[in-house]
Amino acid sequence: MSDVPADPRYARQAPRRPLRLSWSDERVRNIVWQALVVGGVLAVFYWLYRNTSYNLEVRRIATGFGFLEREAGLPIAESLIEYDPSMTYFRALLVGVLNTLKVAIVGIVLATILGTLLGIARLSRNWLLARIAGAYVELVRDLPLLLQLLFWYALLQALPGPRQALNPVEGVFLSNRGLKLPFFRWEDAHSWAMIAFVLGVVGTFLYRRWARARQMQDGQPRAVWPIGAALMGALPLAVWWALGAPFQPDIPFLRGFNFQGGLTVSPEFFALLLGLTLYTAGFIAEIVRAGILAVNQGQWEAAQALGLPRGRVMSLVVLPQALRVIIPPMTSQFLNITKNSSLAVAIGYQDIVSIANTTLNQTGQAIEGIAIIMLVYLTISLSISLFMNWYNARIALVER
Amino acid sequence: MSDVALNENMPNDALPRTAPKRFLGPAAWARENLFSTWWSTAITLALAYLLIRYAVSFVDWAFVNAIWTVPYNAAGQPDASACRDNKGIGACWAIIADKHRFILFGTYPYDEHWRPLLVCMLFVGLYIVSAMRRFWNWRLAVIWAVTLTAIGILMWGGVFGLTYVPQERWGGLPITLILATFGLAFAFPLAILVALGRRSQLPAIKALCVLYVELIRGVPLISLLFMASVMFPLFLPEGINIDKLLRAQIAIILFAGAYLAEVVRGGLQALPKGQYEAADALGLSYWKKTGLIILPQALRLVIPPLVNTFIGFFKDTSLVLIIGIFDLLTAGKTALIEPQWQGFGVEVYITLGLIYFIFCFAMSQYSAGLEAEFNRHRRR
């Protein structure tokens, strides 16, 4: 954000005049104006601070974050870490943060996939496909997200109970208690295989970098996929095998009035994820479409003139250029999905806003509760911005 | 045609011909756009099958098997048992027939419903006038001031023989329109100041503006609304109490101001540097330069993104549901609480969606058209 132009005409600066204490000196005026504005803002904040501390005293509301250590007594329906109401507020808020991250991350991945497909579909030469994608995008973008969330939640709640659950595929049940999926019993071997897979991804990435660097030197292309398949496929399988290859299917079945076993997706999480994904995908589709359209037609033609096949034109020439246009607005969509996940409170999914809200109602400490919400979101927003800025700088056009 | 065929030695196929049949007409269009490759054909057939199947079942549910009215019993209470029996087969639009006044105007006194109706029409008129280019000058500010005052008088009453209606009884569509429109009206001047401040040479002012914009944009609107509902009362000196709607309105203004500031800043940056330099060369002061040269051009540039941002606020006003303010969405949700209408959420939400969609779609079409017109010089 430097406003200093690189124009050589500006290189020679005006000679510095001594500061005159007069209203006609611009520097004096600037200092006075800034002092007035900053002073005014500080005065307002001081006034608010004094009112607040007086009001807190009158209403006998405690201040400070001491309540974090107290027992929460706050039931939470779904949690990624171990939790029960006898644990502290801090633990409860941590559960909330993890729930927010869970829905945001899954939502970002799904919305990106769906949005990219929709964006490409809108540019399809197939008239019907392009029209349906266009109608979808226009519809979801023009309806409030909260309305869409309430709609999906109402639809899920209108589903039959567990006894008459919809059963589209063997082992999958959709009822007003949520979505039940078959899974397998999770054991240590699976965790180790997962770690091996992550290491495999890192290894493949490093190998690819090395292969590229070598290709630049000796011109020999090296296939990455055999190493990748070995590291990401065979290695986790070998680890799983070495630890005894445990596999116990866990298929949901009806017992009494509810399901037992299997993986549960609660109706709240399901409605929130569905709403966030479908809504954001509409915006991402427009970004992807604009990005592809922004690549000059001449680039397609030049790449084809070089004899590149259509697929490679897309992957080597068009997409890298489209990405430069796509990444910055995509970042704000990722931030939006994270911030919009706060609407969870309206349908009863216990994210950080919902839990902090309960906390501030129970303790009466409104300022601390809202400060926690804001701090969490600012941290998440800042992390996403930093990561995406780094990625954006990596793919940015390198000019002289 | 005859003069073309003068040369009799000319081969027959050199004569001008009409385009072959297979490139014309709907069949050729379909071949080109729907069945060009076997892959495209497969997509077309699959989509057409799904579309027809779901469209038919939707029409069946929404129109053919729908129930439009239900009988009322002696006490004037609707009897929704017919709807309950029809659940899953047909829609129950009777809830809309019974509750539409409540959904649109909330708990506003029934006999005075013409007033919020008039207010809604005033808002729509205001939007239409604002969209017309001949009013894009100082007159627009006057029109907005007059209309918003008239809306305030109509809603509150208490003068000109109108009965006084306290703010607690307002509800429904007027609240949504008030939150969005007043939000824009007050956030816009704030946004211009902040955008100018962010590009200012004065470091302290620039830092303040950056801090404000980034802080607000980094947190969700809900946290600001919570702040408005639970923290604002603590901020004020004892004895001063501002009502909930006004507090939410302030939060929306602060929120909208940060986003609009970024839009305005885009316009300021898009303006060629020569404009700034020419104004400086004329010896204009900062405020004259800004008011006479920069803003009139920069604001014109940002009208399409401004409309898009306004669509965003219009949708976002629905979030006041979470702090219990009676806007359109809250009214719809409240209508569902009544025992006889419980479980008909889908019908109500579709109706509300239609209302939101009409407003947002009209605005987005307008903004897209305007953008295309502004970019006309770039088109080939």
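In which helix of chain B is B:R247 found?

Mentor: B:R247 is found in helix α10 of chain B, residues 244–270. First, some ground rules. This is a predicted model, where local features need pLDDT of at least 70, side-chain atom pairs count only at pLDDT 80 or more, and totals for chains, interfaces and linings use all residues. Residues are numbered from 1 along each chain as its sequence is written, while chains are lettered from A and ligands numbered from 1 in the order in which they are written.

Now the residue itself. B:R247 is buried, with 22 other C-beta atoms within 10 Å. The cut-offs are these: 20 or more other C-beta atoms within 10 Å of a residue's own make it buried, 12 or fewer make it exposed, and anything in between is partly exposed, with C-beta atoms placed from the backbone. What does B:R247 touch? Leave aside its neighbours within four places in sequence, and its contacts are B:A228, B:S229, B:F232 and B:I242. A contact means that two C-beta atoms, placed from the backbone, lie within 7 Å. Take B:F232: it is 15 residues from B:R247 in sequence, and the two are 7.3 Å apart in space, C-alpha to C-alpha.

Next, follow the chain to another helix. Helix α11 of chain B covers residues 273–281. Of its nine residues, zero are buried, so α11(B) lies largely in the open. After α11(B) comes B:G283, whose phi is positive, near 80°.

Step back to the whole of chain B. It has 15 helices and zero strands. Both kinds of element are DSSP runs, numbered from the N terminus: helices are H or I with at least four residues, strands are E with at least two. The radius of gyration of chain B is 29 Å, well over the 21 Å that the globule rule gives for 380 residues, so chain B is more spread out than a compact globule. That radius is taken over C-alpha atoms, and the rule is 2.2 Å times the number of residues to the power 0.38. The C-alpha trace spans about 105 × 80 × 40 Å along its principal axes. Of the 380 residues, 31% count as buried.

Chain B is divided into domain 1 (108–170) and domain 2 (174–325). Such bounds come from an automatic or database domain assignment. The C-alpha centres of the two domains of chain B lie 23 Å apart. Their contact takes nine residues from domain 1 and eight from domain 2. On the domain 1 side, α5 (114–131) and α6 (138–156) of chain B each give two or more residues. α5(B) gives the most, with four. By class, that side has eight nonpolar, one polar and no charged residues. Here Ala, Val, Leu, Ile, Met, Phe, Trp, Tyr, Cys and Pro count as nonpolar, Asp, Glu, Lys and Arg as charged, and the others, Gly among them, as polar.

Where does chain A come in? The contact between the chains takes 45 residues from chain A and 43 from chain B. Several helices of chain A give two or more residues to it, including α1 (26–58) and α12 (366–395). α1(A) gives the most on the chain A side, with 11 residues. That side has 33 nonpolar, nine polar and three charged residues.

Now look at the largest nonpolar core, which has 149 residues. Such a core is a set of buried Ala, Val, Leu, Ile, Met, Phe, Trp, Tyr and Cys residues joined through C-beta atoms within 7 Å. A:L146, A:L149, A:L150, A:L272 and B:L225 touch the most other members. Both domain 1 and domain 2 of chain B give residues to this core, so it lies between them. Leaving aside neighbours within four places in sequence, A:L272 has contacts that include A:V103, A:L149 and A:Y349.

Chain A has 12 helices and seven strands. Strand β1 (173–175) runs antiparallel to strand β2 (178–181) in chain A, joined by three bridges. Two residues lie between β1(A) and β2(A) in this hairpin. Strands pair if DSSP finds at least two bridges between them. Three bridges also join β2(A) to strand β7 (263–265) of chain A, again antiparallel. A:L179 has A:L174 as a bridge partner, and A:V265 is its partner in β7(A).
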